[in-house]
Amino acid sequence: MEGSKISVEESERYCRQLLIFGEEGQNRLKNSHVAIAGAGGLGSPVAYYLAVAGVGSLTIIDKDVVELSNLNRQILHYDEDIGIEKVESASIKLKRINPHITVHAKSENIDPSSVDSLIGDASVIVDAMDNFETRYILNSFAVKNRKILVHGAVRSFDGQVTTVIPGKSACLACIFPDVKVSDKVPVIGITPGIIGLLQANEVIKHLLGIGEGLGNRLLLWDGLTGRLEEIKLKKRPDCPVCGNEYSMED
Amino acid sequence: MKVKVKTFARFRELFGSDLAIDLPEGTGITGLVSGICGNDPEKQDALCGKEGNILGHVIVAVNGVRLDRDDFPTFSLKEGDEVALYPPVSGG
Ligand SMILES: [Zn+2]
């Protein structure tokens with residue numbers, strides 16, 4: 001395949017996962033670019049695990065600075081990082097945990113005019129945001145530009161995950177047409193830990209082209225009962241975002 | 001007829017989970033939720049509004065498959081159906 005190949009040192013670093021998907025799969029990860037929107041509770045585990053898995057290029061987008069009240073869940077950031085940009089803090093940790101990857105730190109707000117340049121040529125977008133206003137912007141962009149969007153969200157001990165495959169599966173506007181703005185959502189760090197890892201798992205499967213993705217499936221995690229449920233979804237033909245898209249099978 | 005209702009996230013706190021409900025034959029989704037809400041203003045605010053119209057963001061699934069809002073008026077529940085009511089979460 002095109003692109004650079006892993007070094008001898010990298011093949012030692014990744015030897016346990018090379019047993020799963022081989023050098024070709026690892027090269028594929030090395031030549032992949034994933035954008036993570038949000039460096040908070042969800043973005044932290046997503047970024048860590050994609051970094052150690054060897055996803056070659058990570059764009060991290062977040063406008064905030066680290067605050068003390070973030071530290072119960074946003075494990076990219078440490079006590080000494082309070083007051084610095086989250087993307088700067090993230091970038092330092094990710095380069096230390098895997099020097100073989102490239103991190104693009106973007107301390108900017110995601111809005112309809114900035115989203116294109118922020119996501120760049122990433123083929124997959126991870127929705128690790130904390131509000132639906134921005135999620136709808138990412139969703140429209142992903143559908144229009146045919147990029148995979150891996151959605152996750154949490155509250156308290158509960159979380160949800162799904163994947164938007166433009167042209168094939170329901171988009172966020174099909175699934176969540178009217179989610180209200182909510183501030184200061186209660187969260188225990190374990191929940192975005194679990195949901196973020198399910199999102200990272202989706203990204204890896206998609207990049208490698210293995211397994212069964214979460215397109216048209218909404219997973220609901222209930223941490224208090226320890227149960228994972230699934231709701232089957234379908235595209236809404238009249239969806240204002242993806243309704244006019246041609247199906248990829250056409 | 002008996003149907004089972006499963007609730008999630010805030011709805012579990014508000015309504016309890018795994019409810020077994022006895023309904024007249026042919027009851028639809030709106031009838032089910034207005035029964036669950038009763039006259040409790042907190043429950044109405046969270047799920048069905050004052051007029052018994054299910055709030056726009058609530059996800060309703062029957063036997064594991066999401067039911068589109070447009071289908072609410074024509075959909076009738078059957079004996080043994082399992083209805084899931086999910087208020088999407090939004091934190092990160
Ligand atoms: Zn849609």
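In which strand of chain A is A:T162 found? A:T162 belongs to strand β6, residues 158–164 of chain A. Strands are DSSP runs of E with at least two residues, helices are DSSP runs of H or I with at least four, and both are numbered from the N terminus. The model is predicted, so local features need pLDDT of at least 70 and side-chain atom pairs count only at pLDDT 80 or more, while totals for chains, interfaces and linings use all residues. Residues are numbered from 1 along each chain as its sequence is written, chains are lettered from A in the order in which they are written, and side-chain values use heavy atoms, without hydrogens and water.

A:T162 is buried, with a relative accessible area of 0%. Buried means under 20% relative accessible area, exposed over 50%, and partly exposed in between (1.4 Å probe, protein chains only). The side chain of A:T162 reaches two backbone oxygens. That of A:L214 lies at 3.2 Å. That of A:R217 lies 2.8 Å from a polar side-chain atom of A:T162. Residues that A:T162 touches include A:L149, A:H151, A:I175 and A:L233, leaving aside those up to four places away in sequence. Contact here means heavy atoms within 4.5 Å.

A:C171 has 1% relative accessibility. A:C174 has a relative accessible area of 1%.

The structure holds one disulfide over all chains. A disulfide is a pair of cysteine sulfur atoms within 2.5 Å. B:C37 is joined to B:C48, S to S 2.1 Å. The pair links distant parts of the chain, eleven residues apart: B:C37 sits in helix α2 (residues 29–37) and B:C48 in helix α3 (residues 41–48) of chain B. Both B:C37 and B:C48 are buried.

Chain A meets chain B through 33 of its residues, which are in contact with 21 residues of chain B. The area buried between the chains is about 2300 Å², and carbon and sulfur atoms give 54% of this. Buried area is the accessible area (1.4 Å probe) that two parts lose on being put together, summed over both. A:R155, A:D158 and A:I231 supply 21% of the area that chain A buries against chain B, more than any other three residues.

Five salt bridges are counted between chain A and chain B. A salt bridge is a side-chain nitrogen of Lys or Arg within 4 Å of a carboxyl oxygen of Asp or Glu. One joins the side chains of A:D222 and B:R12 (2.5 Å, N to O).

Methods
Polar contact = N/O pair within 3.5 Å; in protein donor to acceptor, adjacent residues only side chain to side chain.
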